[in-house]
Amino acid sequence: MIAFWVVAGVLSAACAGVILSSSARAASRAGAADPTTALYRRQLREIDDLADRGLIPEAERTTTHAEAARRLLSAAEGQGQAWSADTAVRKPILVVAALTPLLALGAYFGVGSPGLPDQPFKDRVAIWRDADPASLAPQEMAVVLQTLIKERGGDVEAYGYLAQAEMASENPAGAARALRRAIELDPKRADLWEGLGEVLMIEAEGEVTPQAERAFQEALKRDPTSVNARFHLARGLIADGDQQAGLAAWRALVADLPAPDPRRAAVQSAIAQAEGQPAPAAGPALGGQLGAVQGMVASLAARLEDNPDDPEGWVRLVRSYAVLGDQANRDATLAKARAKYAANPDVLKDLDLAAKTEPMR
Amino acid sequence: MIVEIGSFSLALALALSLAQAVLAGVARMRRSEVLAGAGQGAALGAFACLLIAFAALMYAFVTSDFSVSNVAANSHTAKPLLYRVAGTWGSHEGSMLLWCLALTGCGAAVAGVGRNLPAGLKTLTISVQGVLGILFLAYTVFASNPFVRLAQPPVEGRSLNPLLQDPALAFHPPMLYLGYVGMSVVFSFAVAALIEGRVDAAWARWVRPWTLGAWSALTVGITLGAFWAYYELGWGGWWFWDPVENASFMPWLIATALLHSAIVTEKRGALSGWTVFLALAAFTFSMLGAFLVRSGVLTSVHAFAVDPTRGVLLLAILGVTAGSAFALFAWRAPLLKQGGVFAPISRESALVLNNIFLAAATATVLLGTLYPLMREAATGEAISVGPPFFNLTFTPLMAALAILLPAGPLLAWKRGDLRGVMQRLWVAAVIAVACGLAAFAFISPRKAFSSVGVAMGAWLVIGSLVEIAERTRVFRISIGESWRRLIGLPRGAWGMTLAHLGLGVFVLGACFETGWKQEAAEALPVGGRLNLGAYHLILDDVRGIEGPNYDAERGQLRAFKGDKQICAPAPERRLYPTGGQTTSEVAICTLGISHLYVVLGERRPAEGAPVWLVRAYWNPWALLIFIGPGIMALGGVISLSDRRLRLAAGRKAEAAA
């Protein structure tokens with residue numbers, strides 16, 4: 001703040017100084033001849049010069065020379081009274097030089113934000129990095145993760161987190177980029193391909209684009225049981241007009257899902273909708289923008305049921321429920337995971353942080 | 001702190017402009033050198049403050065300080081550095097700051113380098129420039145302030161329109177503004193001369209370098225804009241008679257007329273009233289352009305969508321400035337001394353004809369630009385005036401001008417010898433007609449109008465060469481003597497010849513490109529072939545790539561003439577996720593002076609393999625469209641260097657005497 005006023009003061013003084021010194025220099029230059037006659041003399045010399053070099057005809061030299069000479073004469077006669085170098089006007093100049101910064105200050109107070117410091121992006125990132133991650137908005141989290149990845153190089157998990165943060169900050173394009181990086185590092189992981197397919201689909205406002213379709217196919221190649229990949233590929237078939245094949249794929253999916261799986265009801269509901277029947281009450285919806293995220297979360301939950309020894313997976317699941325605003329599942333998962341990792345304070349801390357993540361909408 | 005220093009500097013520049021206007025104005029009334037010096041100091045100070053403000057805004061853009069509302073609205077951290085820098089002038093507020101920087105820069109230049117100007121003219125010019133500074137700076141500070149801060153800055157910025165993220169467009173606005181605002185000095189000189197009651201040969205000479213500088217910058221600025229439209233918009237064209245293009249073209253036409261009429265005033269002391277009128281009109285058209293682009297009355301690719309309130313304020317500035325200047329003109333112009341007389345056949349008459357055609361052309365462009373707006377305001381009916389109108393009105397005027405042009409420089413001042421000129425130009429005329437006939441006979445398909453255009457272009461180019469040959473009397477005197485004359489030619493003469501030659505080169509390019517352009521478009525799968533006249537293209541591959549702030553599909557093609565591969569164009573279709581815009585990155589293969597222009601369109605749903613819409617154009621001689629104005633601008637700069645050198649030499653000679 002003080003630095004600002006010092007600089008503003010120096011600037012004001014410098015400007016006043018320029019006005020005063022320039023007026024002082026002008027006083028010493030006073031009495032200089034009117035340059036008009038000099039200019040006409042030069043014009044006369046130019047005419048002669050051009051004519052001497054044969055660049056204008058002799059007749060033109062005569063007429064233009066005569067005209068320029070007439071102008072010279074009339075300019076010499078018309079030389080007005082010289083300008084005065086009277087320094088008595090210095091006092092009003094001083095007043096103007098002093099008033100100018102005051103006027104500027106008045107205008108600045110009207111439009112400026114005195115005391116508001118600069119906030120370069122780098123400084124803000126540094127603050128977010130030092131802050132409690134739980135206090136960060138998803139977009140801030142994404143920026144911090146990007147910075148960390150840039151500095152330390154990213155591993156698959158880091159890119160996975162980045163993708164989640166990007167999704168939570170409604171930036172599916174950023175999430176897709178992060179997932180592509182993760183896939184470059186570990187192309188064998190089906191969940192990454194599945195996630196990529198889903199964010200590409202969200203980016204295309206729910207449409208299963210050729211790129212999304214390819215990502216789902218890659219996921220299925222690596223994990224033929226991938227529920228979301230199968231679901232959306234079938235949805236793509238229906239959208240392309242092949243309702244029969246799509247419905248058959250969905251029915252096969254229902255047959256493969258165990259009865260207690262909540263996604264079963266979601267698929268059944270989608271089948272009913274596609275057939276134009278009233279949809280039965282469904283569990284977590286599959287399909288649509290939010291549905292894609294929910295599908296991703298459901299597949300993670302299912303994976304953890306099968307393979308519960310995955311602390312990062314639990315943290316991700318808690319954060320995902322928090323992002324979706326699904327408080328009941330968030331709290332239930334948190335309690336379950338806390339009980340499982342009661343002896344591991346690091347994981348507990350991560351779990352608590354994840355639970356505090358801001359919901360997506 | 002730096003941003004706030006910028007904000008304070010901007011306010012200080014406003015106060016200094018006020019001091020400049022008052023001190024210089026009073027200095028003229030009291031004929032006081034001391035007050036005049038103080039006014040000049042204020043002009044220098046205002047420019048210095050604007051430099052600081054501009055640097056501060058650029059700093060905010062480079063460091064992505066989103067607490068500055070303008071940065072948040074027009075930048076993004078993922079944007080490459082060049083476009084973060086260019087973002088400084090990419091928005092309405094930032095470009096107003098650039099406008100003010102150029103305006104105060106011009107004022108400071110008059111104060112700093114105008115030592116050979118009479119005290120009265122110089123002081124009044126600085127005062128008027130100060131008044132312009134007050135108006136535009138007050139508008140910027142209070143209605144378009146680029147330093148407005150946000151208490152809660154967003155995490156990311158909203159980025160600059162991706163169409164504007166382009167090297168040509170990064171430099172297009174600064175050049176254009178230098179041209180627009182350069183006209184402000186000419187305007188101030190004209191107002192000062194009207195107040196002084198003195199518009200004579202000397203005044204014309206003082207004004208000419210400023211006009212030349214502004215005209216050259218405007219030429220480069222408009223050409224960069226046309227070049228950008230050509231390769232960035234992906235429509236295959238380079239000039240669309242879009243109102244925003246017209247807004248920059250009208251000041252250029254007027255400035256061109258002014259350059260020519262100022263020569264008559266300078267050499268013969270004649271046409272002084274008309275020259276002053278053009279000097280006032282040139283900046284008025286620049287301000288009109290600024291109003292049209294920023295008021296929201298136009299919707300265009302490169303118009304700033306700004307709210308009408310700010311547009312009304314700009315209109316008020318335009319009204320006050322132009323209104324008072326033309327009122328002053330109406331009052332004082334009848335008192336101006338009339339200069340030398342001239343015969344109907346003379347260099348002066350040729351330049352008057354040039355002015356009539358240019359003024360009429362400006363009037364048609366103005367009508368074509370404003371008529372849709374007026375009609376919409378009156379009847380609510382939206383119409384668009386496009387190329388057919390301009391082809392029917394503007395083109396014949398320019399054609400008439402082009403026919404007369406080579407004769408002008410060969411005519412003597414005061415009384416010319418038309419028969420002599422015709423004798424000197426008949427060879428050029430025969431060659432030009434032969435070129436036109438050859439184009440009509442040998443280029444398929446046959447196009448009469450384009451062939452006439454080719455003859456016209458050839459006439460201008462050969463006419464310019466004849467003019468140089470006449471000056472050097474080549475083949476009539478010894479080669480050594482001709483060479484001596486050639487290198488002794490004043491730079492002003494070279495400048496004129498180059499400007500006329502450049503126009504001819506441009507006409508040739510424009511006629512070939514519009515007349516014999518070929519176009520083909522087809523949805524191609526990978527491996528597909530697109531035929532385009534004598535050429536064909538094969539789409540080898542389309543793959544996704546990631547740019548710094550965009551995702552793209554890049555097509556890899558091979559272009560063949562017969563069996564021979566001539567180039568490998570790689571056009572892109574880019575998607576900028578921030579803002580969700582899609583742009584085309586055209587691939588241009590330059591083959592001699594012609595272009596093979598390839599655009600990758602959207603992926604189309606198709607059974608089996610995916611297909612992409614590929615459009616290709618064969619644009620013959622298209623390069624000349626941009627080289628021509630480049631030669632014209634070079635002519636302006638060369639002419640400018642001549643003046644400066646000769647004035648400096650004159651001063652040295654006087655000092656020695």
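Modeller: Two strands count as paired if DSSP finds at least two bridges between them. The hairpin of E2(B) and E3(B) has two residues between the strands, and in it B:Gly533 adopts a positive phi near 55 degrees.

E3(B) also pairs with strand E4 (residues 551–561) of chain B, in the antiparallel sense and over 11 bridges. In this second pairing B:His536 faces B:Phe560 of E4(B). Here the hairpin from E3(B) to E4(B) passes through four residues.

As for the setting, the domain assignment places domain 4 of chain B at residues 518–619, while domain 3 is made of 417–509 + 624–657. The centres of these two domains, taken over C-alpha atoms, are separated by 40 Å.

Confidence deserves a remark. Chain B has a mean pLDDT of 88, and 95% of its residues reach 70 or more. Over residues 644–657 of chain B, however, the pLDDT is below 50, and this stretch has four contacts in the model beyond near neighbours in sequence. Where pLDDT is low, the predicted coordinates should not be read in detail. For the complex, the predictor gives an ipTM of 0.84 and a pTM of 0.84.

The contact between the chains takes 66 residues from chain A and 68 residues from chain B. On the side of chain A, helix H1 (2–29) is one of the elements that give two or more residues, and H1(A) gives the most, with 16 residues. By class, that side has 37 nonpolar, 15 polar and 14 charged residues.

Nonpolar side chains tend to be buried together in soluble globular proteins. In this model the largest nonpolar core has 217 residues, of which B:Leu23, B:Val186, B:Ala279 and B:Ala282 touch the most other members. Beyond its neighbours within four places in sequence, B:Leu23 is in contact with residues including A:Ile93 and A:Val96 of chain A, and B:Leu35 and B:Ala38 of chain B. Another core, of 46 residues, lies apart from it and includes A:Ala163, A:Ala212, A:Trp250 and A:Ala270.

Definitions and conventions. Residues are numbered from 1 along each chain as its sequence is written. Chains are lettered from A and ligands numbered from 1 in the order in which they are written. This is a predicted model: local features need pLDDT of at least 70, side-chain atom pairs count only at pLDDT 80 or more; totals for chains, interfaces and linings use all residues. Two residues are in contact if their C-beta atoms, placed from the backbone, lie within 7 Å. Ala, Val, Leu, Ile, Met, Phe, Trp, Tyr, Cys and Pro count as nonpolar, Asp, Glu, Lys and Arg as charged, and the others, Gly among them, as polar. pLDDT is the predictor's confidence in each residue, from 0 to 100. A nonpolar core is a set of buried Ala, Val, Leu, Ile, Met, Phe, Trp, Tyr and Cys residues joined through C-beta atoms within 7 Å. A residue is buried if 20 or more other C-beta atoms lie within 10 Å of its own, exposed if 12 or fewer, and partly exposed in between; C-beta atoms are placed from the backbone. Domain bounds come from an automatic or database domain assignment.
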